[in-house]
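Notes below, roughly in the order I checked things.

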Amino acid sequence: MDDICIRPAVPDDAAAVNRALGQLSADMGDVHAAHDADIARFCFGPSPVFRALLAEAADGSIVGVAAFSPFFSTVYGSVGIYVSDLWVAEQARGRKLGQRLLSAVRAFGLDAWDARFIRLNVYHDNQKALAFYERVGFEPTTDTQYMTLAGTAYDALGDKP
Ligand SMILES: CC(C)(COP(=O)(O)OP(=O)(O)OC[C@H]1O[C@@H](n2cnc3c(N)ncnc32)[C@H](O)[C@@H]1OP(=O)(O)O)[C@@H](O)C(=O)NCCC(=O)NCCS
């Protein structure tokens with residue numbers, strides 16, 4: 001496990017980042033609409049909206065990824081890190097690589113944005129991930145509901161004064 005290094009993704013990694021995120025989508029049964037060009041634009045373009053860390057094995061294969069972005073919370077009075085994606089390859093699971101990735105996300109966010117907490121979403125039926133996050137120290141939020149405005153409803157908001 002020590003031969004796996006965690007490092008920030010660089011522009012040449014766009015396809016590798018997307019492949020790893022695609023495997024997470026497949027594991028979750030999610031649609032994966034992101035193309036390599038989207039990763040290049042939104043992670044490595046002039047105004048990046050997310051960052052990525054990769055876990056790379058000695059043979060160069062990618063065995064983990066974390067994607068994350070900063071946001072400000074008035075409740076905490078500080079910046080938080082929203083982890084949008086966390087994935088460890090099946091053959092590498094159960095050896096603390098997920099925890100190492102989160103620790104590296106924390107270090108990156110503390111250094112880059114003085115971030116003071118981490119937030120993420122997990123599917124209710126993803127029991128293994130829920131147990132993993134709770135073991136790391138995450139606490140479930142019971143008083144909020146994740147809500148999404150998308151598609152025609154998102155477009156329609158543009159017409160409202
Ligand atoms: C959730 C995930 C990132 C954890 O990464 P990891 O490297 O396995 O994490 P760790 O080794 O630090 O911790 C593993 C813990 O999860 C459990 N676990 C989950 N999946 C496991 C697997 N396939 N094999 C072994 N243990 C697994 C273990 O019980 C272990 O808990 P323990 O240390 O108390 O015994 C990883 O299992 C994964 O990528 N899962 C599929 C994608 C996913 O669910 N991502 C999260 C989306 S919100």
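Strand pairing first, since I need the term: two strands count as paired if DSSP finds at least two bridges between them. I'm also keeping in mind that this is a predicted model.

Entry one, a single spot. I looked up what stands opposite Arg-7, and found Leu-54 in β2 there. I then checked the strands as a whole: β1 and β2, the latter covering residues 51–56, pair in the antiparallel sense over four bridges.

Entry two, the whole sheet. I traced five strands in an open sheet, in the order β1-β2-β3-β4-β5, with mixed pairing. Which strands sit at the edges? I get β1 (5–8) and β5 (117–120), each of which pairs on one side only. On average, neighbouring strands of the sheet are turned by 30° against each other, if I ignore direction.

I count five helices along with five strands. Going along the sequence, I read the pattern as β-α-α-β-β-β-α-β-α-α. The radius of gyration comes out at 16 Å, close to the 15 Å from the globule rule for 161 residues, so I call the protein as compact as a globular protein of that length. For the box, taken along the principal axes, I noted roughly 55 × 35 × 35 Å for the C-alpha atoms.

I find 20% of the 161 residues buried, where buried takes 20 or more other C-beta atoms within 10 Å. Of the contacts between residues at least 6 apart in sequence, 59% join residues at least 24 apart.

Key:
Residues numbered from 1 in each chain as written. Predicted model: local features only at pLDDT ≥ 70, side-chain atom pairs only at ≥ 80, totals over all residues. Axes fitted to C-alpha atoms, helices over the stretch in contact; angles between N-to-C directions. Rg over C-alpha atoms; globule rule 2.2 N^0.38 Å. Buried ≥ 20, exposed ≤ 12 C-beta atoms within 10 Å, placed from the backbone. Contact = placed C-beta atoms within 7 Å.
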